[in-house]
Structures are given as structure tokens and as C-alpha cells.
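Subject: Structure for you to look at

Hi,

Here is the structure I promised to send over.

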Amino acid sequence: MVAQLCSDFSNRYDEVNKQLDKMGYNIGMRLIEDFFAKSGAQRCSNFKETAETISKIGFKMFLNITPAVANWSADSKSFSLIFDENPLADFVELPNDGRAQDELWFSNIFCGILRGALEMVQMQVEVHYISDVLRGNDTTELRVTLLRYMEDEMPPDDE
């Protein structure tokens, strides 16, 4: 899928990253229903509980991995997920064009999945990669920041 996107967008990795995020967002919006149906989990009472649920139940249920929750900000609105393993990156080598190592986030679909799923439970978040072993970093780290809790908002022109 990523290789096809790279081809479709002529190795414009910023566009590939955006498309992976967009695809993930759409998946996350639907995946949350499956998560609640299969896990029996209830709504979390705070963002720390949300982080633990994502790590220990969500990733475990769908990918059989459990990233570590770490690096909480002082205001408890940001945390990192540290991945010991990433099944999306198994047997993957980034293109050797001198740019992919600095520009392509191969598993950026995770960012969109988390954004989409959390938006469906009224949490607007920003999600981005800090590091990735595919880029030669020691760890793969994803940063999640709570921007705001959303009110139940009706779409425009809805009555």
C-alpha cells in the first residue's frame, strides 16, 4: 500500500504521509465501534486511562502488540507510545533515494487511526511520529496530544 502511494505521488513523501493519515482516520472512525463491541471496555474517565486502554487493549486486540506509555507532559495532556515492535514495518526497507529516511513516516496510518477513533469518543488529538527504527532511530515513538474534549456537536443544518 505504501509503495503504491509512493508511486502514485511520485515520491512526494509529505503527500504520502497525508494520505496514510487520512486512510487511518477513516479506519479509526469505524474501528472504535468494533473496539467497544469486542473489548467490553467502557468510556475512560481521563486521558491517562485512555492512554493505557489504547496501549494495553486496543493495540493488543488488533495487532497483538503492547506499546509502552511513557513521557507524560506535566499537564498530562501528552504522552508517547513506544513500540518494541511494529508489525506494519516487518520486512520493510525505505526507498534509498536520499529523502525517504528524512521525510517518509511508513506507519503514519497509525496516527490517523488514533485521531479518528479518539474523535469518535469526543477527544480531538494531534498524533505524530517522533522517531522510527525504519529511519535509523533507536526506537519508534508516537506522540499523542489532547487538544480538547469535544462537546456532542450536531452537524450544520441538522435538526
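**Aromatic rings and a helix pair**

With a relative accessibility of 3%, F47 counts as buried, because the cut-off for buried is under 20%. Keep in mind that this is a predicted model.

Now for the rings. The count of aromatic pairs comes to 8. One of them joins F47 and W72, edge-to-face, with 6.1 Å from centre to centre and 85° between the planes. This pair links distant parts of the chain: F47 belongs to helix 3, while W72 lies in the loop between strand 1 (68-70) and strand 2 (78-83), and the two are 25 residues apart. W72 has a relative accessibility of 26%, so it counts as partly exposed.

W72 also pairs with F79, and here the rings are tilted, at 5.0 Å centre to centre and 40° between the planes. F79 has a relative accessible area of 0%, so it is buried. Put together, F47, W72 and F79 make up one aromatic cluster.

Next, the helices. How do helix 3 and helix 5 cross? The axes of helix 3 (residues 47-63) and helix 5 (residues 109-120) come within 13 Å, with a crossing angle of roughly 120°. That angle is why helix 3 is oblique to helix 5. The crossing is right-handed. On the helix 3 side, T50, I54, F59 and L63 make the contact, and on the helix 5 side it is F110, L114 and L118. Sorted by class, this contact has 6 nonpolar residues, 1 polar and no charged ones.

Cheers

How values were computed: Residues numbered from 1 in each chain as written. Predicted model: local features only at pLDDT ≥ 70, side-chain atom pairs only at ≥ 80, totals over all residues. Heavy atoms only, no water. Axes fitted to C-alpha atoms, helices over the stretch in contact; angles between N-to-C directions. Helix = DSSP H or I, 4+ residues; strand = E, 2+ residues; numbered from the N terminus. Parallel < 35°, antiparallel > 145°, perpendicular 65-115°, else oblique. Left-handed = near helix turned anticlockwise from the far one by under 90°. Contact = heavy atoms within 4.5 Å. Nonpolar A, V, L, I, M, F, W, Y, C, P; charged D, E, K, R; others polar. Phe/Tyr/Trp six-rings, centres within 6.5 Å; stacked < 30°, edge-to-face > 60°. Buried < 20%, exposed > 50% of the residue type's maximum accessible area, 1.4 Å probe, protein only.
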